[in-house]
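Thanks for coming, everyone. Let me put the chain on the screen, and then I will walk through how its parts are held together.

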Amino acid sequence: MRSHRHRAAALLAVAVLLGGCSETTPGTASAGPTSTTSAPTTSTKPSTTRPKKVDLTGVDSCSLLSDAQKQQFDLVKTPAKLKSSAYADATLCSINSGDFSYGVGLVAAAKNGIGEYASGVEKGELTPMTVGGFPALTGKSTTLLPSCVVYLDVSDGQMIDLGVDSTKVPMDELCVRAGKIAEAIIQTISAR
């Protein structure tokens, strides 16, 4: 889960930089859309069946969620864009919630596929699942920050890396939130 460690370090750096600009107005997280996430499967290999292929070439990582979706999840702080240290030619979009209780990292990886994480499945670190008909992998980490990751397989050799991090929100809630945000991402990219 190399990208998670890089993302968590980058998110921590962004949080420190933005900390002086924080507001004291509390945010209200919403429950999000109804779930279309399938339960994890027992297979060690994610399915390659997708409802459609979505080309991520040239896609801005911060556009993976619409403004309305960002508002729905209280991701109202100005996104920070950083060069991804985990994926070639990709940008990490880091967005914090209004009350800084959690943050989201998004990467549209146009040159990296979900197959790069097959060893994580074999080791039991990641679990195959389906989000809106798209194959995905999910996992938990406490390496730098407690976080839940979802890797969405949207095209051959392309994926979306989603991480939801927090030191204030319980892990199970983070993972539920990550699943709902992943569903919202699928809604956005499916409309393209």
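Before we look at the cysteines, a word on terms: a disulfide here is a pair of cysteine sulfur atoms within 2.5 Å. What you see is a predicted model, in which local features need pLDDT of at least 70 and side-chain atom pairs count only at pLDDT 80 or more, while totals for chains, interfaces and linings use all residues. Residues are numbered from 1 along each chain as its sequence is written, and side-chain values use heavy atoms, with hydrogens and water left out.

The structure holds two disulfides. One of them joins Cys 148 to Cys 175, with the sulfur atoms 2.2 Å apart, and with 110° about the S-S bond this link is right-handed. It ties together distant parts of the chain, since Cys 148 sits in strand E6 and Cys 175 in helix H4, 27 residues apart. Helices (H or I, at least four residues) and strands (E, at least two) are DSSP runs, numbered from the N terminus. Cys 148 counts as buried because its relative accessibility is 2%, where buried means under 20% relative accessible area, exposed over 50%, and partly exposed in between, with a 1.4 Å probe and protein chains only.

The other disulfide is formed by Cys 62 and Cys 93, whose sulfur atoms are 2.0 Å apart; the torsion about their S-S bond is about 105°, so this disulfide is right-handed. Cys 62 lies in the loop between helix H1 and helix H2, whereas Cys 93 belongs to strand E2, 31 residues apart, and both cysteines are buried.

Turning to the sheet, seven strands form an open, antiparallel arrangement in the order E1-E2-E3-E7-E6-E5-E4, where two strands pair if DSSP finds at least two bridges between them. The edge strands are E1 and E4, each of which pairs on one side only. Within the sheet, six bridges join E5 to E6, and Leu 137 has Tyr 151 of E6 as its bridge partner.

What about the end of the chain, where is Thr 188 found? Thr 188 is in helix H4, and at 15% relative accessibility it counts as buried. Leaving aside neighbours within four places in sequence, its contacts (heavy atoms within 4.5 Å) include Ser 63, Leu 64 and Gln 69. Thr 188 and Leu 64 are 124 residues apart in sequence, yet 6.4 Å apart in space, C-alpha to C-alpha.
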